Amino acid sequence: MRAPSFRWHAATSLADAARALAAGGPRALLLGGGTDVVPAIKRRQYVPELLISLRQVAELGRLEPHGASLRIGAGVRLGALAADDRLGVGHTALRRAAGVVASPHIRNVATLGGNLCLDTRCNYYNQSLEWRRAVDYCMKAPAGVALAAPAGGTCWVAPGSPRCWAVSQTDCAPALIALGASVTLVSAEGQRTLPLADLYRDDGMTWLTRRPDELLAWVDVPAAARSTYWKLRRRGSFDFPVLGVAAAVELAGDVVTAARVVLGAVASHPVVVPTESLLGRPLGDDAIAAFAELATRLAKPLDNTDYQLGWRKRVTRAYVVGALRELRGDDPALLGVLARRQAALIPA
Amino acid sequence: MPPQPQPPQPPTAGSKVVLTLTVNGEAAEVAFEPHKTLLEVLREDLALTGTKHGCELGECGACAVLVDGKPVLSCLMLALECGGASVTTVEGLARGAQLDPLQDAFADLGAAQCGYCTPGILVTARALLDQHPAPTRPQIEEALAGNLCRCTGYLSIYQAVEQAARKAR
Amino acid sequence: MNIIGKPRRRVDGRAKVTGQTRFADDLTLPRMLWCRLLRSHLPHARVDGVDTAAAAAARGVKLVLTGADFPIPYGILPVSQDEHALAQERVRFVGDPVAAVIATSEEAAQAAVQLLAPRYTPLTTISDAHDALATPAPQLHTYAEVGNLHKRVGFEFGDVDASFASAPHVFDDSFFYQGNTHLPIEQHATLAAVDGDGKLTVWSSTQTPHYLHRALAKALAMPAAHIRVIATPNGGGFGGKSDPFHHEIVVAGAALRTGRPVKICLSREEVFYCHRGRHPVDMRLRTATDACGKILAMDLETLLDGGAYGSYGVASTFYTGALQTVTYEIPRYRFRGARAFTNKPPCGPKRGHGTPQPRFAQEVQLDKIAVALGRNPADLRLEQLCKPNSLTANYMRVGTIGLGRCIDAVVEGSRFRERWGKLPRGRGLGIACSSYLCGAGLPIYWNKLPHSGVQLKLDRSGGVTAFCGATEIGQGSDDVLAGLVAEVLGIDPFDIRVVTGDTDLGPVDLGSYSSRVTLMMGNAALEAAGRARELIASAVAAELQLPVARLGFAERRVFDLEEPTRGLSFADAVIAAETRHGTLGTVGSYRPPDSAARYKGGGVGPSPAYSYSAAVIEVEVCPDTGWLDVTQVWIGHDIGRSLNPASVRGQVEGSVYMGLGEALMEESAFRRLPPKRSDALVHKFPSLLEYKSPTTREMPPCTTYLIEDPDPQGPLGAKEVGQGPLLPIMPAVANAVFDAVGVRVDEVPITPEKIVRALEEAARGRPARVGPTGFPDVGWPEPLRVAPPWEGGDGKAANETPRRPRPDKDAKDKQVPR
């Protein structure tokens, strides 16, 4: 399966990349590690006119303290990130999320920025042009190629629906949102910084608030006292998450003073679960159970990924309970067979 | 039936680019079209057919090679991205007629059955042993978690990696 | 023995670890063109035409081909010659090839395929076997037996109903086994070229070069003698490269038309469309037992979802019943099976061909019987194993049986007696057994020719070359050939040059399928090597003035057994033989013994020998979410004799791996879009990412026991190992899940969703199971009635009717498939 022809520009700096992106127009595409973009190009989900390689942009590869946060360039490779000593115990959720993306080979190339901007995915969309023709295409790519705005076509996940229900399957976004990260976007016009959660929209087609002329430059990641990331996938490698649970808490003694819990892969965006019910008291079994109920209600898996949607919803409850019990300090050995699937819980 | 929507056509095939690739320690000047992957350039323009492909979409690991010592999937990497890098393929593992200890162990223990996923697994295991000369079983499993094998069930592969590690010490 | 029985490097090992093995897509030739195919995007349609003008005019395009260029049908079985290289008047599944573009580059060919404009009239979509039963028209194929039922078969060995009527216990269960696919990592590839003398050479990743040779000769209307097929080493086969394929015939035809080499390499998605994988099968299994659980009679019904074409399907249908009898004693047996045509990629032979599905049913039901009657499932099996050297109810001739020892080994290794039924909730053990054939007793097309031939060339250099049509698909057949010849001649396997898979150079071997190669090629190799040894021995005996009986062959020497320092080097011995006898060459061939089954359809199932396996599997199940982890496997396999234990162990472990994939996650799933909105029926995920093949993270530790009980039919006693050890894995997982959480998943794959559903059923007070609740009405015809051997039968059916004439078949193709 071969890629179509395109023009090529190897950006030399952030400013150069932003300039090329602005000049390239709607059919210019940024290439970070390429591990998601290249297959999509081969499958003709994108037919770019211009590819802008970010490999030589040194600014994007930085990883350094920035105030009380860690500033991580969008070009940092996920494998290197997961193994980086500068990610302390305060960044456990990120280290785990980055360390379970796809496979080791892919993590050696894939970038943090690419994972955060990952196109929403769907079993009707992540297919070859020929396959998609057999279902007469779908709303996200009505003429074969992905469009940013509706232009007809059916969402086969929910054929009566006016919107696209493709799924956000990034591992790193839920983890970083749970840690309270902010993201900086750069364009030829300047730059802006926003909470990472605000980068995402609940829309399978325009899943990012990033403008077409902006590129994701870096994230600033505060540390959290305790955090974790649990990933559900059929196999312990390769697979995208069909559920991700990221959680971070601050404790005073055993009383929760701050908490963020984010669900991945159960909607078109990372779902932030309100945590008021957890605050001001210990992480008791009852509090965890009630919170898990709430989180499960917010999870809206649909029939467009691996596993049946009802089961994914059921596991959402089990995962939220497991993640919070882990943060409470329960012995991982007592968390059962599902917990053992969390690669990060298994000492290598 | 109604006419099928046609996707936007890519620009017509561009002229080739010329790049110097360093593969298995040899610098080679090679001309190829910009859309070609490292896999395609290795196999078609450099005649290094030892590197295989099972999906061309990054879903099997058969095309793994080392770029600057790290295992990557050559089907997902545009050859244009590899200028200045050092690429190692299965053809580069032996030292002359002397096989890499991994190659000997794989051959002796039957860790290569059909042999099709073998080149990708060998280079991946080479990178593992370079980093961890005495890997634990979980480290081997994790390092090879991006290489599908349909023949062996992986068990003889683990044994071969362990035997090669022992012999190298 | 010096070579045989010791683990050693296989002869093709070095090439495989250096990247030197030349797979089909590694080949290129000067002036080579590339081919890409246009495949149907509709599941079922009439083809009204293909507008090729724009594609033919596109840059780099040399040739465009359509169905009109390939009017002659072919197919692997003589009774189902229902395929064409490119579609004729009909497309029958999404992925059915319609047209081909041959161009100067793969990019140019692919771009031009987009310019082809096929015109279709859609027809009714038939989604699965139940749909096919309900939708007799339009027929996918007019040669179908009735409506969209391709074939129905039925046998009854003894009065089954009488046994059921008087039995103390009757167990009646329904099962469903989902389809799955081979998933070799190598994508199929073929290169065809016209030689300097005008003959055609085709290199292809095929398991069956001989059958491809026949199909090419037929479909291209060319003399077979002008076609040479070279099976390149296969990057995995597992049955998926056993049919002649569209793309092979298309590039051959294109090479003939352009006079230039033409290559195609399929995309992974196209490999899913070639398929020929495991049939989805609905089953109903009724078993009558005595008070202790001993089987008195068995009644099996199967319904196979065959996909769009015949492939091996008629044989697959027979195989869902034929081997049920060779494991346990079954005094009376009725089997009825049917195969449906549906608008999906054709199913065919995958590792275990037709037998894993009923094996799953039988072994799970035995577990239920054991639980119901309070028996230990290992004992229940041990008490009723088939007897060695016996005939079964359906006239399969069983030879050696090492199954008892296999069971003992895995039961002891897993401490099954101490732990089964006693582990804490969430953990469980399951046991299951199986058997498989060592090659089919009859060839696919009827003849009395050898099934395998081996030719040896020895010359004054001391070199030995072994020629055979057998195909190396990763299983180690080249090494079996070299190892056996080396053992007989007293040389090293690496002294031998092996030339295999080439229809010009080697004698015919029928191919790498049905676990036939070790036994059949091995026996042919022993015969050829034995004859060579005689020639050498007679010359050396004359030179040393010794009786032939005193000569030994070992360590590259031919020597006096009583005075071992006296002798010749092997090379000098060959010189002596060439001097005495002239140019040296020997041949050997093998044909299986005649079958005892003389009823129509009795050609499927007989084998020179049967291998046996037993497995115990330990699982951990999360009672809340149904998550299932296999934590340990113990497997015993009755190999007869291990020719190269390193290879044998690899085949066992690989079978366990593939069995776990089938048991836990692999699934050829299809999506039928809402019929009100669309006719579409698509493969749900034709990719290596979404078709879930287990990674290193899913493979549990596995303890393998090789049980050696040499079988007189096998070469030096060897039996098969490539397929049998897969069979007990799926039922052993299902039985372990029951032991862990008390629910039955009577379906494959066994997923956490299904376990949860069964647990919920149990919580509601309903039967703690998921699975089909019945079996559809197939409209069975009267079965053939054959009295079992112990009821005075002679292997013939009492009510056999003359064979139905098939007007669409020529006379010589009118045989029952084997």
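Student: How many residues does the contact take from chain C and from chain B?

Tutor: This is a predicted model, where local features need pLDDT of at least 70, side-chain atom pairs count only at pLDDT 80 or more, and interface totals use all residues. Side-chain values use heavy atoms, without hydrogens and water. With contact meaning heavy atoms within 4.5 Å, the take is 53 residues from chain C and 50 from chain B.

Student: What is the salt bridge count between chain C and chain B?

Tutor: The rule wants a side-chain nitrogen of Lys or Arg within 4 Å of a carboxyl oxygen of Asp or Glu. C:Asp26 and B:Lys52 make one, with the closest N and O atoms 2.4 Å apart. The count is eight.

Student: Inside chain B, how many salt bridges cross the interface of domain 1 and domain 2?

Tutor: An automatic or database assignment sets the bounds, giving domain 1 (17-92) and domain 2 (101-168) of chain B. Their contact takes 15 residues from domain 1 and 11 residues from domain 2. They bury about 1,000 Å² between them, 66% of it on carbon and sulfur atoms. Across that interface of chain B, the salt bridge rule finds zero.

Terms used. Residues numbered from 1 in each chain as written. Chains lettered and ligands numbered in written order. Buried area = accessible area lost by both parts, 1.4 Å probe.
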